[in-house]
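Have your viewer open and your selection tool ready. We will go stop by stop, and at each one you select a few residues and look at what is there.

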Amino acid sequence: MWGVNHTINELSHVNIPGLLLPDHFRAHSKIKVDYHLFNKENMPSHFKFKEYCPLVFKYLRERFGVDDIEYRESLTRSQPIATDARGKSGARFYLSYDRMLIIKTLTSEEVEKMHSFLKHYHPYVVEKHGNTLLPQYLGMYRLTLDGVQYYFKVMRNVFSPHLRIHQKFDLKGSTVDRDASDKELDKSLPTLKDNDFLKQGIKIRIGQEAKEKLIQTLNCDVDFLTKLHLMDYSLLIGIHDCRQAAEDAEARDANQDAHHDSDSENDYDSGERWENTPPDSPRQLDAHVINPDIDVYAIPSQEENQFIYFMALIDPLTNYGLKKQAAKAAKTVKYGSNVDGISTCDPEQYAKRFLEFINDKVIE
């Protein structure tokens with residue numbers, strides 16, 4: 001992440017103009033490194049690094065309350081952590097060492113989609129003063145190494161870096177082919193889907209005032225995506241169970257006390273309680289406490305100290321083009337003409353069904 005360090009340092013001397021021009025959305029910065037001897041054991045001697053739309057993303061980071069220095073530290077202080085998540089295009093996901101940021105690999109086609117989306121996304125974020133459930137895009141880059149180009153974008157992590165997620169769901173408002181696979185269910189924290197959510201009889205109970213505010217934000221975001229002819233997005237929900245977390249903490253403390261009593265010669269803090277997270281990581285906060293500066297997607301349950309929910313829209317860049325229209329036709333042949341149950345449909349139908357599902361069957 002040496003390239004990120006360089007680009008952030010370069011931007012620190014640049015003031016954001018009051019009005020971003022079309023050229024800013026086509027701009028980029030590049031650096032080429034040859035025979036770089038510093039830290040040669042951990043960094044290649046030849047590579048090229050490119051940042052896309054640097055001023056646009058700097059502006060977005062400011063709007064989302066992400067300090068450039070903290071952003072740089074999250075990405076450069078230690079190696080990112082690989083996850084077992086995979087995108088439909090084969091994308092890989094990484095967590096920054098402090099779990100504040102998500103790094104997603106991209107194809108060159110997806111980079112073009114991001115460029116097209118940014119010119120609409122930026123003014124929308126400005127209009128809403130950053131109050132949106134859309135992904136918080138913070139940077140987009142290309143790394144060229146040994147002649148191979150790697151593309152990736154950086155987003156804020158929807159989930160908390162200090163509160164464990166006990167269940168998570170990816171909801172589209174569809175019921176056809178919307179069950180987690182057996183392979184997914186074998187994971188320690190599987191991503192469950194619409195039918196799994198309905199079978200469990202779960203309701204996200206956050207109270208009427210919080211629901212109205214959430215649904216209003218969701219309506220605005222979905223309307224924005226529909227006008228851009230986008231569909232196939234999901235509501236990602238993570239659930240932190242406060243009671244389960246308290247029980248886990250008590251059991252962990254009891255085990256640590258037993259280990260300390262039986263092995264007093266090794267009287268040191270192994271750091272295992274924090275999963276080897278560095279000592280100044282933001283994960284070291286009080287349990288069950290929402291930090292509004294970093295837990296921006298968090299909403300507490302109506303019943304105090306029962307659940308904390310994390311909710312955001314994800315994967316908003318799918319256009320309803322020929323490929324999706326063909327997918328809809330194929331599923332209609334397979335399952336019949338009940339379009340309400342098929343995930344692939346035109347953006348207006350998708351939005352209507354999605355919002356009705358979230359409003360009627362998910363949130364109370």
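Begin with D146, which counts as exposed at 75% relative accessibility; here buried means under 20% relative accessible area, exposed over 50%, and partly exposed in between, with a 1.4 Å probe and protein chains only. Before going on, note that this is a predicted model, in which local features need pLDDT of at least 70, side-chain atom pairs count only at pLDDT 80 or more, and totals for chains, interfaces and linings use all residues. Residues are numbered from 1 along each chain as its sequence is written, and side-chain values use heavy atoms, with hydrogens and water left out.

**Two loops with positive phi**

Stay on D146 and look at the backbone: its phi is near 55 degrees, a positive value in a residue other than glycine. D146 sits in the loop between β6 (137-145) and β7 (148-156). Helices (H or I, at least four residues) and strands (E, at least two) are DSSP runs, numbered from the N terminus.

Now select D177, in the loop between β8 (167-171) and α5 (182-185). Phi of D177 is also positive, near 60 degrees, and D177 is not a glycine. This residue is partly exposed, at 46% relative accessible area.

**Helix α7 and its neighbours**

Next, select helix α7 (residues 208-227) together with helix α10 (residues 347-362): they pack at an angle of about 170 degrees, with their axes 10 Å apart. Axes are lines fitted to C-alpha atoms, for helices over the stretch in contact, and angles run from 0 to 180 degrees between N-to-C directions. The angle makes α7 roughly antiparallel to α10, a label for angles over 145 degrees. Show side chains to see the contact (heavy atoms within 4.5 Å): among its residues are I215, L218 and V222 of α7, and A351, F354 and L355 of α10.

**Salt bridges**

Why look for charged partners? Side chains of opposite charge can pair when their charged atoms come close. A salt bridge here is a side-chain nitrogen of Lys or Arg within 4 Å of a carboxyl oxygen of Asp or Glu, and the whole structure has 14 of them.

D223 is partly exposed at 37%, and K227 is exposed at 67%.

Move to R26 and D23, whose side chains meet in a salt bridge (2.5 Å, N to O). R26 is exposed, at 56% relative accessible area, and D23 is exposed too, at 52%.

For the last stop, select D68 and K58. Are these two buried or exposed? D68 is buried at 12%, and K58 is buried at 9%. Their side chains form a salt bridge (3.1 Å, N to O). D68 lies in helix α3 (residues 68-76) and K58 in helix α2 (residues 54-63), so the pair ties together parts that are 10 residues apart in sequence.

Notes: Angles under 35 degrees count as roughly parallel, over 145 as roughly antiparallel, 65 to 115 as roughly perpendicular and the rest as oblique.
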